[in-house]
Amino acid sequence: MGILNVTPDSFSDGGQFADSRAAICHAREMITAGADIIDVGGESTRPGSDELSEAEEAARVLPVITALADEGQVVSVDTRHASVAKAALAAGAAIINDVSGFRVPAMVEVVAESEVGCVVMHMLGEPKSMQANPEYNDVVAEVSSYLLAQAEVLGQAGVDKQRIAIDPGPGFGKTREHNLALLRATAKMAALGYPLVAAYSRKAFIGAITGVQDAAQRLAGSVAVALWAAAQGARILRVHDVRPTVEALRVLEALGADPYGTA
C-alpha cells in the first residue's frame with residue numbers, strides 16, 4: 001500500500017503532492033515500483049493537527065481518486081469523515097481506511113451499504129491531543145481488544161469479515177515503547193483473524209531509534225520495520241518508499257526466505 005498524501009502539512013511529505021497532477025504522477029511511480037494499493041489521504045492526522053473541513057478534504061482527494069480509479073488502479077481513501085468516504089467510493093475507491101476505527105455510525109453505514117474493503121485503525125483520542133500523554137495498562141491487549149470490538153461492530157452491520165483488515169495505529173496515541181510493543185506483537189496480532197496492516201513507515205519512533213530527525217530520511221529504518229512486520233505475519237505494508245521495500249522483499253524471496261510469515 002503506497003501512501004499518497006495530497007496535503008500541505010503531513011508529517012513527512014506535506015506539500016510534495018498537494019497538486020493533483022503531481023499526486024497522480026507519484027501514484028503511477030509507486031504502482032510501477034510494485035504498489036498494489038494507493039492510499040489517498042487529504043487530511044493530515046499528524047499529532048497536534050487540526051481537523052479539516054470535509055469539503056476541503058473531498059476537493060483534495062476526489063480528482064486523484066477518480067483519475068487513478070479510471071486507470072483501473074486499486075485505491076484506498078484515508079479518511080475519518082463519512083461524507084468524504086461516500087464521495088470517494090462514488091469516485092471509484094475500493095477501500096475505506098478509517099483512522100478513527102469506524103467509531104462514527106455514519107462511517108459504519110457507508111461501508112455496510114457498499115461492497116468495499118475497510119481498514120479499522122486504533123487511535124487513542126483525537127489527532128490534536130493524542131500524543132499529549134498516552135497511557136495503557138497493556139497496549140497490545142487494549143489495542144487488540146479495541147480492533148476486535150470495532151470489527152464486530154462492522155460485522156453486526158452486515159460487513160463480511162473478508163472485507164475487514166485491522167491496523168494497530170502506530171504513532172496515533174502511542175509512545176516509542178508502545179509502538180515497539182505493538183511491533184514485537186505483530187505475530188500475535190496477525191493471528192486475531194483479520195489481515196494485519198503494518199503502517200510504521202517513517203514514524204517518529206524510528207527516528208528516535210536511528211537518530212534520524214528528518215522523517216523523509218528514515219528509509220533504512222522503515223524498510224527494516226516493514227521486513228520484520230511482513231515476516232511476522234502482516235499482510236499489508238503501508239509505506240512511503242515502495243520501491244526499496246519491494247526490492248528488499250524480493251531479495252528475501254530469492255534467498256529462499258518467506259517474507260510473509262510462514263517460515
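In the predicted model, Met 121 lies opposite Asp 167 of strand S6. Strand S6 spans residues 164-167. Strand S5, residues 117-121, pairs with S6 through 4 bridges. The two strands run parallel.

Ile 164 and Ile 166 point one way. Ala 165 and Asp 167 point the other way. All four residues, Asp 167 included, are buried. In a regular strand, side chains alternate between the two faces of the sheet.

Helix packing was examined next. Two packed helices are described by the angle between their axes and the distance between those axes. Helix H5 covers residues 139-156, and helix H6 covers residues 176-184. Their axes are 9 Å apart and pack at an angle of about 70 degrees. Angles from 65 to 115 degrees count as roughly perpendicular, so H5 is roughly perpendicular to H6. The crossing is right-handed. H5 contributes Val 139, Val 140 and Val 143 to the contact. H6 contributes His 178, Ala 181 and Leu 182. By class, this contact of H5 with H6 holds 5 nonpolar residues, 1 polar residue and no charged residues.

A further helix pair joins H1, residues 20-33, and H10, residues 242-254. Their axes come within 8 Å and cross at roughly 5 degrees. The cut-off for roughly parallel is an angle under 35 degrees, so H1 is roughly parallel to H10. Met 30, Thr 32 and Ala 33 of H1 meet Val 242, Arg 243 and Val 246 of H10. The residues of this contact of H1 with H10 comprise 4 nonpolar, 1 polar and 1 charged.

Note on methods
Residues are numbered from 1 along each chain as its sequence is written. This is a predicted model: local features need pLDDT of at least 70, side-chain atom pairs count only at pLDDT 80 or more; totals for chains, interfaces and linings use all residues. Side-chain values use heavy atoms; hydrogens and water are left out. Axes are lines fitted to C-alpha atoms, for helices over the stretch in contact, and angles run from 0 to 180 degrees between N-to-C directions. Angles under 35 degrees count as roughly parallel, over 145 as roughly antiparallel, 65 to 115 as roughly perpendicular and the rest as oblique. Contact means heavy atoms within 4.5 Å. Ala, Val, Leu, Ile, Met, Phe, Trp, Tyr, Cys and Pro count as nonpolar, Asp, Glu, Lys and Arg as charged, and the others, Gly among them, as polar. Buried means under 20% relative accessible area, exposed over 50%, partly exposed in between (1.4 Å probe, protein chains only). Two strands pair if DSSP finds at least two bridges between them. A crossing is left-handed if the near helix is turned anticlockwise from the far one by less than a right angle, and right-handed if clockwise.
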